[in-house]
Amino acid sequence: MQNSVLKSLSGVAFALAAMTAATVLSNHAKAEMFTTKQPSLLRQAERALARGDGDAALELTGALRRQGVPARYAADVYSAECRAQLQLDDALAAEDACREALLTARGEAKWRLYNNLGVAELRLGHYDRALASFQRATRISHRSDTPRRNLALLQRFLRASAPDAGAEQLAANPQR
């Protein structure tokens with residue numbers, strides 16, 4: 001019973017992640033039109049993330065930080081670093097970067113940071129903290145279903161099994 005629930009959760013999470021990736025790439029192209037004032041290295045880091053090149057994104061954000069990040073872009077830089085670390089499967093570094101981003105982020109944009117923080121916490125096995133992060137992202141987000149889907153997946157997983165049984169499968173597939 002638990003194996004079938006975990007397999008179905010894993011399949012659903014994979015499908016949702018694929019759909020989100022396609023949407024993010026589409027939205028990324030649209031968003032670039034509105035970010036012309038964003039530092040060039042940050043735009044390049046975002047493009048590297050869209051290509052799935054977390055290493056390049058980290059190099060670019062590191063270079064930007066060495067140059068001195070304008071305060072209004074600090075949250076964007078840390079957010080890019082968080083997503084790059086998630087791509088590189090370094091959940092601990094992702095968690096730190098997400099928390100740094102949340103210190104300077106404002107408004108509805110925080111939902112993505114809380115969602116990504118929840119993904120990092122989930123991968124670290126901190127299920128209660130992941131649950132709280134997904135819930136917070138859900139309360140903030142008015143346009144995206146991503147945090148709601150991640151919250152629902154985690155809640156189903158927690159109801160279906162003990163937190164340590166098969167967590168690796170779920171942690172590998174939430175949406176960022």
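In helix H3, the residues tucked away from solvent are Gly54, Ala56, Ala57, Leu60, Thr61, Gly62, Ala63 and Leu64; buried here means under 20% relative accessible area, exposed means over 50%, and partly exposed is anything in between (1.4 Å probe, protein chains only). Helices are DSSP runs of H or I with at least four residues, strands are runs of E with at least two, and both are numbered from the N terminus. This is a predicted model, in which local features need pLDDT of at least 70, side-chain atom pairs count only at pLDDT 80 or more, and totals for chains, interfaces and linings use all residues. Residues are numbered from 1 along each chain as its sequence is written, and side-chain values use heavy atoms, with hydrogens and water left out.

The cover over the buried residues of H3 includes H2 and H4, with contact taken as heavy atoms within 4.5 Å. The length of H3 also works out: its 14 residues (54-67) should span 20 Å at 1.5 Å a residue, and the end C-alpha atoms are 20 Å apart, which agrees. For that check, the expected span is 1.5 Å times one less than the number of residues. After H3 comes Gly68, with a positive phi near 105°.

Just after H2 sits Gly52, with a positive phi of about 85°.

Moving on to helix H4 (residues 74-87), this one packs against H6 at an angle of about 30°, with the two axes 11 Å apart. Axes are lines fitted to C-alpha atoms, for helices over the stretch in contact, and angles run from 0 to 180 degrees between N-to-C directions. On the H4 side, Ser79, Cys82, Arg83 and Leu86 meet Leu113, Asn116, Val119, Ala120 and Arg123 of H6.

The loop between H4 and helix H5 (91-104) holds Asp89. Phi of Asp89 is positive, near 60°, in a residue other than glycine. Most residues other than glycine have a negative phi. Asp89 is exposed, with a relative accessible area of 61%.

Back in H6 (residues 110-123) is Asn115, which is buried with a relative accessible area of 0%. Its side chain makes a polar contact with the side chain of Asn150 at 2.9 Å. A polar contact is a pair of N or O atoms within 3.5 Å; within protein, one must be able to donate a hydrogen and the other to accept it, and residues adjacent in sequence count only if both atoms are side-chain atoms.

Gln135, in helix H7 (residues 127-140), is partly exposed, with a relative accessible area of 31%. Leaving aside neighbours within four places in sequence, Gln135 is in contact with Leu151 and Gln155. Gln135 and Arg148 are 13 residues apart in sequence and 7.8 Å apart in space, C-alpha to C-alpha.

As for the whole chain, it has 9 helices and 0 strands, and 45% of its 176 residues count as buried. Of the contacts between residues at least 6 apart in sequence, 58% join residues at least 24 apart.
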